[in-house]
Amino acid sequence: MTTTLTEPAVRRRVRTRPRGDGAIALAFLAPVLLGFALFYLYPALRGAWYSLTDWNLLSQPRFVGLDNYAKLARDPLFWNSLKVTGGYVVMNIGIQMIAGLGLAALLHRLTRSLLVRSLLVVPWLVPSVTTGLLWMWLLDANLGFVNHLLVALGLDNQGFLTSPDLALPSVAMITSWSGTGYTALLLYAGMLLVPPQVYEAAALDGSGEVRTFFRITLPLMRPILAFVLVVSLIGSFQLFDTVAVTTMGRPANATRVVYFYIYEQAFTHFKMGYASALALSLLLILGVLTFVQMRLLRASTSDLA
């Protein structure tokens, strides 16, 4: 004998399932939420409080209101560090995106070897401090291999890390060498999402490789491109270790990026309140830039849908 459930009973049964699933999901998310609150949210709130104080790590914080932000607005070194960081971001993202797209296209169209993909990511796995030291020796004006190679070719020695004009591009080259392979793998993964039928239809219409890449591949990869650009932007603004190892912000503030400037204020001059104000301002700048990027690139929509 079979029984049929009435409509209210079916609704009650449907309602009870999400509640059980929600409790299980919350239990799995609890460690992550706890870690986020303990290691991200609480330090951020404390940093916001310290930005309103005068604190040198040795005495109790003294509340000064918005004085740190007023000082920040009149600080030429801060604005110069933002300018330097902006120049670095343009160079770093430009090199990584162009080179990464080229490598990803070669992987997609010529080879999908696991060995090649593994070799691409090796420089990214090397610690940034090690990479900085390696390239500092290679680019040394007197003993570096690169300058010895230039002299062998009949060219002059170049102070890659000591010249105000070459220091920042050299730092951008170092970080791009390290991160391009990882960027290429992300873009390659985005290319794999494009259905093969789209390329087959384009080939039947007589579309060449270059036209197919710019008219089909890139537009269909828009969400992945937006993700890579946002991650690269945030990572570029966080440049610190390579500068700390190679140039220490020199020469003539040419490589004093904003992260290094915040570090100097906090741990060289012991101005923790002012450093917190600088860090919070940088957070707001990154938030605005990320929002603008996401809106301009329409990252939430895809032409594949």
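Modeller: UniProt positions are given here in the numbering used for this structure, with shortened feature names, and the annotations may be inferred rather than shown by experiment. This is a predicted model, in which local features need pLDDT of at least 70, side-chain atom pairs count only at pLDDT 80 or more, and totals for chains, interfaces and linings use all residues. Residues are numbered from 1 along each chain as its sequence is written, and side-chain values use heavy atoms, leaving out hydrogens and water.

Colleague: Which residues does UniProt place under "transmembrane region"?

Modeller: The unreviewed UniProt entry places that feature at residues 21-42, 86-107, 119-138, 166-189, 220-240 and 272-292. Residues 119-138 are 90% helix and 0% strand, with end C-alpha atoms 21 Å apart. Residues 220-240 are 81% helix and 0% strand, and their end C-alpha atoms lie 34 Å apart.

Colleague: What makes a run of residues count as a helix or a strand?

Modeller: Both are DSSP runs numbered from the N terminus: H or I over at least four residues for helices, E over at least two for strands. The protein has 13 helices and two strands.

Colleague: Why is the protein called more spread out than a compact globule?

Modeller: The globule rule is 2.2 Å times the number of residues to the power 0.38, and the radius of gyration is taken over C-alpha atoms. For 305 residues the rule gives 19 Å; the radius of gyration is 26 Å, well over that value, so the protein is more spread out. Its C-alpha atoms fill a box of roughly 90 × 65 × 30 Å along the principal axes.

Colleague: How many of the residues count as buried?

Modeller: Buried means under 20% relative accessible area (1.4 Å probe, protein chains only), with exposed over 50% and partly exposed in between. Of the 305 residues, 36% count as buried.
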